[in-house]
Amino acid sequence: RRRGSAAMRLFLQRLGSAFAYTTVRQVKVHSVTVGLLYLTLVVAISAYVVGYEFFLGHGYQDTDVVKGTVSVKVKGTAHSACGQGLKDCVDGMRVWDTTDLVTKTEDSAFVTTAITNTIQNQTKCAGTHADPASPDTFNEDCTQGGEQACQRDRASWSGVQTGACLPPNEQGVRWCEVRGWCPAEDSEEKPLLLEGVDSWTLFIKLQVHFSKFGSSWDNANGTELVRGWNLFSVADILDKAGVEWNNETRQDGVDVLMQFALDCNLDNGQQCVPEITVERTDLASSLSKGYNERTAVFFSDAQNKYDDGLSRELWKRYGVKVRVLLTGSARKFDFVVAATRLGAGLALLSVATVVADLVIIWLLPRRKDYY
């Protein structure tokens with residue numbers, strides 16, 4: 001019975017404590033040091049939360065990621081000397097426009113600054129590529145190895161080898177004979193430089209939509225072109241990338257990334273301010289520096305202006321590749337977001353109380369009286 005009654009008393013005590021309420025005992029400490037420390041912390045935390053996080057950090061606004069499209073239009077006219085086997089020249093000059101020299105994708109444009117042109121037919125000729133490091137694949141130089149260096153029906157750089165090693169050329173170099181588009185492209189040939197391309201302009205149109213806020217924006221300014229806002233010259237873009245416009249740049253080409261980072265405040269009349277940065281992405285010191293593309297123009301029997309049978313003009317184009325990247329976010333006031341962030345920030349005020357208590361318990365001379 002005694003054990004049963006003791007257990008019952010213990011149960012009733014625990015049950016009673018479950019419905020009890022405990023308050024925190026407060027002690028008023030008359031210390032200038034602790035008081036100044038506490039007030040300093042409260043002011044500093046409040047200034048950080050309200051001033052920096054809430055106002056400067058736009059903590060009262062909800063955000064949405066930019067979703068949009070980029071379109072690039074290029075305009076300009078260039079000219080060059082009448083070299084590289086060009087036939088369509090007037091007064092010794094060849095005139096070029098954007099249809100001749102520009103290729104585009106949805107978010108990039110390639111502007112040609114120099115070209116090589118090789119007029120070719122399907123026949124047999126000498127290879128032109130020497131690669132001693134890859135004798136079983138791309139090497140077509142048989143000066144040292146003779147006939148043994150050339151293997152019949154082996155695909156190499158310039159075509160499919162016949163197995164014959166041709167007699168030395170004017171430079172004393174012997175090349176494997178190949179079947180394919182002849183004459184083979186000469187990688188040592190200097191490209192023909194195009195004049196006036198640096199002044200060509202790129203109209204870069206941005207169209208963005210913020211699905212969370214049901215809002216859209218573009219940089220077209222109606223129909224107005226603004227230099228540095230939606231209109232850029234080739235020279236402007238290279239200058240922003242820190243690339244000098246010279247013959248080396250024109251002959252090798254350059255690959256650049258142009259980024260538009262948008263910061264849109266939709267509480268201020270849908271104002272979007274793009275931060276524009278341009279960086280060179282190809283390594284100027286690498287083995288394959290610069291940028292180039294190859295295209296071909298074919299001529300049928302009826303159209304052929306060079307020889308009998310199918311012919312083509314093989315164009316190797318060096319130039320400026322501009323890739324456009326659109327990033328950023330939009331901001332707009334939201335009461336729930338503002339209240340949540342302000343409440344979470346003000347909760348940091350408890351840090352001031354914790355620091356003051358630690359000072360009282362561990363550092364004050366009479367700390368034993370407060371513990």
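How many residues stand between strand 5 and strand 6 in their hairpin? I looked this up first.

**Entry: hairpin.** I find two residues between strand 5 and strand 6. Strands here are DSSP E runs of at least two residues and helices are H or I runs of at least four, numbered from the N terminus. Two strands pair if DSSP finds at least two bridges between them. I note Thr105 opposite Ser108 in strand 6.

**Entry: source.** I am working from a predicted model, in which local features need pLDDT of at least 70 and side-chain atom pairs count only at pLDDT 80 or more, while totals for chains, interfaces and linings use all residues. Residues are numbered from 1 along each chain as its sequence is written, and side-chain values use heavy atoms, with hydrogens and water left out.

**Entry: helix 2 and helix 6.** I checked the axes of helix 2 (residues 32–56) and helix 6 (residues 335–346): they come within 10 Å and cross at roughly 145°. Axes are lines fitted to C-alpha atoms, for helices over the stretch in contact, with angles from 0 to 180 degrees between N-to-C directions. From helix 2, Val49, Val50 and Phe54 meet Ala338, Leu342, Gly345 and Leu346 of helix 6; contact means heavy atoms within 4.5 Å.

**Entry: Glu147.** I place Glu147 in the loop between strand 6 and strand 7 (160–165). Its C-alpha atom is separated by 6.0 Å from that of Ala164, 17 residues apart along the chain. Leaving out residues up to four places away in sequence, Glu147 touches Gly163, Ala164 and Cys165. A polar atom of the Glu147 side chain lies 3.2 Å from the backbone nitrogen of Cys165. Glu147 counts as partly exposed because its relative accessibility is 44% (buried is under 20% relative accessible area, exposed over 50%, partly exposed in between; 1.4 Å probe, protein chains only).

**Entry: backbone.** Most residues other than glycine have a negative phi, and most peptide bonds are trans. I looked up the following exceptions.

- His58, in the loop between helix 2 and strand 1 (61–65), has a positive phi near 55°. His58 is partly exposed, at 26% relative accessibility.
- Asp91, in the loop between strand 3 (77–81) and strand 4 (93–97), also has a positive phi, near 55°. Asp91 is exposed, at 79% relative accessibility.
- The peptide bond from Cys182 to Pro183 is cis, with omega near -5°. Pro183 lies in the loop between strand 8 (176–182) and strand 9 (192–193).

Key. A polar contact is a pair of N or O atoms within 3.5 Å; within protein, one must be able to donate a hydrogen and the other to accept it, and residues adjacent in sequence count only if both atoms are side-chain atoms.
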